[in-house]
Amino acid sequence: MSILDNKRVCKILKRLQSTSEPISGEKLAFELGVTSRTVRSDIKKLSEYLKEYGARVNSTTGVGYSLEIYDRALFKELEEKLNESP
């Protein structure tokens, strides 16, 4: 089972992609209807997975989470997979 099968994790990724500003864990939790602990757990899994695709989730205490893409070509592969999933 791929992490992309987890709709909540996909929503987090898409949300991080949609902004250049950091997003707080509390805000993500509210938007997703889960606890901030669940968001932290999902972010940890997502960040680990993103390493394969030239990206990572940065976390800044008191500020929030942001997406850093350091290999655009690899990340494009992931975007194509995301577009294929329902």
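Predicted model: local features only at pLDDT ≥ 70, side-chain atom pairs only at ≥ 80, totals over all residues.
Let me begin with the two helices. Helix 2 covers residues 25-32 and helix 3 covers residues 36-50, and their axes come within 8 Å while crossing at roughly 105°. Since angles of 65 to 115 degrees count as roughly perpendicular, helix 2 and helix 3 are therefore roughly perpendicular to each other. As for the residues that make this contact, helix 2 contributes Gly25, Leu28, Ala29 and Leu32, which meet Ser36, Val39 and Ile43 of helix 3. Sorted by class, the contact between helix 2 and helix 3 holds five nonpolar residues and two polar ones, with no charged residues.

Staying with helix 3, I would like to turn to Asp42, which is found in that helix. Is Asp42 buried or exposed? With a relative accessible area of 2%, Asp42 is buried, because the cut-off for that term is under 20%. If we leave aside the neighbours within four places in sequence, the residues in contact with Asp42 are Asn6, Arg8, Val9 and Ile12.

Finally, the aromatic rings. A pair of such rings is described by the distance of the centres and the angle of the planes. The count here comes to one aromatic pair. In that pair the ring centres of Tyr49 and Tyr53 are 5.4 Å apart and the planes stand at 45°, so the pair is tilted, given that planes under 30 degrees apart would count as stacked and those over 60 as edge-to-face. Tyr49 and Tyr53 are both buried, and with that I will stop.

Note on methods
Residues numbered from 1 in each chain as written. Heavy atoms only, no water. Axes fitted to C-alpha atoms, helices over the stretch in contact; angles between N-to-C directions. Helix = DSSP H or I, 4+ residues; strand = E, 2+ residues; numbered from the N terminus. Parallel < 35°, antiparallel > 145°, perpendicular 65-115°, else oblique. Contact = heavy atoms within 4.5 Å. Nonpolar A, V, L, I, M, F, W, Y, C, P; charged D, E, K, R; others polar. Phe/Tyr/Trp six-rings, centres within 6.5 Å; stacked < 30°, edge-to-face > 60°. Buried < 20%, exposed > 50% of the residue type's maximum accessible area, 1.4 Å probe, protein only.
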